[in-house]
Amino acid sequence: MPPRRRGASGFRGVRVRPSGRFTAEIRAGGFRLTLGTYNTPELAARAYDAAAWRFRRPGHDMNFPDVESLEEAEFLAPPPCLVDDEDRRRHRQVQRRIAIAERDEQLMRQWRAQFPNDVDNTDAFFANLRAQRRSNRRHRRAVAAFELENPNTTWTENDPRWEDIWTETTSDDE
């Protein structure tokens, strides 16, 4: 059987992602196991070699034939990039900030369209915006109060919309 072709990265088990990063993966028992995404093809190839050693692959399946043991391959391989709850929390926080910035830009475009010649007249625009928010809060409270009185409500006990009832009425005066 002829040797396997090596991909565009030049290493066995390493593929180039559209982002320019490199993914290491290995096939085992009919499954393709993704080993991680790395910044350089050499790091991805090291990760592939460590996995190949674990699966007891022959030496000609390795990218770096100078590695002589599993311990050495694992020592040279980069640590896997694990996504944990803290990473997810940071990602959500960044996405929230991006959404706020986009909303700010949208409001600025709306303001410029409404007041093309009067740059200093921001009071009317933001007063209108506060009135809309106040109206939305009142509407949400009315809906929540209706659901509270309705015995056939579809809201669960933990639904965040219940909080609209319990917020203080003084917040309307903001």
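Predicted model: local features only at pLDDT ≥ 70, side-chain atom pairs only at ≥ 80, totals over all residues.
Residues are numbered from 1 along each chain as its sequence is written, and side-chain values use heavy atoms, leaving out hydrogens and water.

**First stop: the whole chain.** Color by secondary structure and you will find five helices and three strands, in the order β-β-β-α-α-α-α-α from the N terminus. Helices (H or I, at least four residues) and strands (E, at least two) are DSSP runs, numbered from the N terminus.

**Second stop: the sheet.** Select the three strands, which form an open antiparallel sheet in the order E1-E2-E3; strands pair if DSSP finds at least two bridges between them. Strand E1 (14–16) and strand E3 (31–38) stand at the edges with a single partner strand each, so one side of each has no neighbour in the sheet. Now pick Val 16: its bridge partner in E2 is Phe 22. Next, show helix H1 (residues 41–54), which packs on the sheet and touches E1, E2 and E3; contact means heavy atoms within 4.5 Å.

Select Glu 25 and Arg 15, whose closest N and O atoms are 2.9 Å apart. Glu 25 lies in strand E2 and Arg 15 in strand E1, so this pair ties together parts ten residues apart in sequence.

Is Glu 25 buried or exposed? Glu 25 counts as buried, at 11% relative accessibility, whereas Arg 15 is partly exposed at 40%. Buried means under 20% relative accessible area, exposed over 50%, and partly exposed in between (1.4 Å probe, protein chains only).

**Last stop: helix H3.** Move to Glu 86, which forms a salt bridge with Arg 89, the closest N and O atoms being 2.6 Å apart. Both lie in helix H3 (residues 85–114), three residues apart, about one turn of the helix. Glu 86 also meets Arg 90 in a salt bridge (3.7 Å, N to O).

Note on methods. Axes fitted to C-alpha atoms, helices over the stretch in contact; angles between N-to-C directions. Salt bridge = Lys/Arg side-chain N within 4 Å of Asp/Glu carboxyl O.
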